[in-house]
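Hello,

Here is the structure I promised to pass on to you. Have a look at it first, and my notes on what turned up follow below.

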Amino acid sequence: MALVTTAEGDDPLRGLVAAAELRRQADRLAAVQVRRARVQGISWVQIAVALGVSKQAVHKKFGGGRLFRKDG
């Protein structure tokens, strides 16, 4: 929560640093959940819908062919 507070604060440079760290953390968490979803047999289409992006975007970002490929 401290990062969110800093990102929303009045100091733009500190806010940008905090926002960048939040983005890195969110990307790591998303990657973990994508791997978990694939292990559980959840399709790339379902993952894409959950993330609000296209199937192609999910493949590009998370290396679709490398993560437990079970569907197209």
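Let me begin with the charged pairs: a search of the whole structure, which is a predicted model, finds 3 salt bridges. Glu21 takes part in two of the pairings described here, one with Arg24, where the closest N and O atoms are 3.0 Å apart, and one with Arg28, at 3.5 Å from N to O. Glu21 and Arg24 sit 3 residues apart in helix α2, about one turn of the helix. Asp27 pairs with Lys61, again as a salt bridge, at 3.0 Å from N to O. Because Asp27 belongs to helix α2 and Lys61 to helix α4 (residues 55-62), this pair ties together parts that are 34 residues apart in sequence. Through shared partners, Glu21, Arg24 and Arg28 are joined into one network.

Now the overall picture. The chain has 4 helices and 0 strands, and 22% of its 72 residues count as buried. Its accessible surface is about 5200 Å², with 59% belonging to carbon and sulfur atoms.

One helix pair may interest you too. The axes of α2 (residues 12-39) and α3 (residues 44-51) come within 10 Å and cross at roughly 145 degrees; the crossing is right-handed. Val34, Ala37 and Arg38 of α2 meet Trp44, Ile47 and Leu51 of α3 there, and these residues divide into 5 nonpolar, no polar and 1 charged.

Best wishes

Key:
Residues are numbered from 1 along each chain as its sequence is written. This is a predicted model: local features need pLDDT of at least 70, side-chain atom pairs count only at pLDDT 80 or more; totals for chains, interfaces and linings use all residues. Side-chain values use heavy atoms; hydrogens and water are left out. Helices (H or I, at least four residues) and strands (E, at least two) are DSSP runs, numbered from the N terminus. Buried means under 20% relative accessible area, exposed over 50%, partly exposed in between (1.4 Å probe, protein chains only). Accessible areas come from the Shrake-Rupley method with a 1.4 Å probe; for residues, only the protein chains shown count as cover. Axes are lines fitted to C-alpha atoms, for helices over the stretch in contact, and angles run from 0 to 180 degrees between N-to-C directions. A crossing is left-handed if the near helix is turned anticlockwise from the far one by less than a right angle, and right-handed if clockwise. Contact means heavy atoms within 4.5 Å. Ala, Val, Leu, Ile, Met, Phe, Trp, Tyr, Cys and Pro count as nonpolar, Asp, Glu, Lys and Arg as charged, and the others, Gly among them, as polar. A salt bridge is a side-chain nitrogen of Lys or Arg within 4 Å of a carboxyl oxygen of Asp or Glu.
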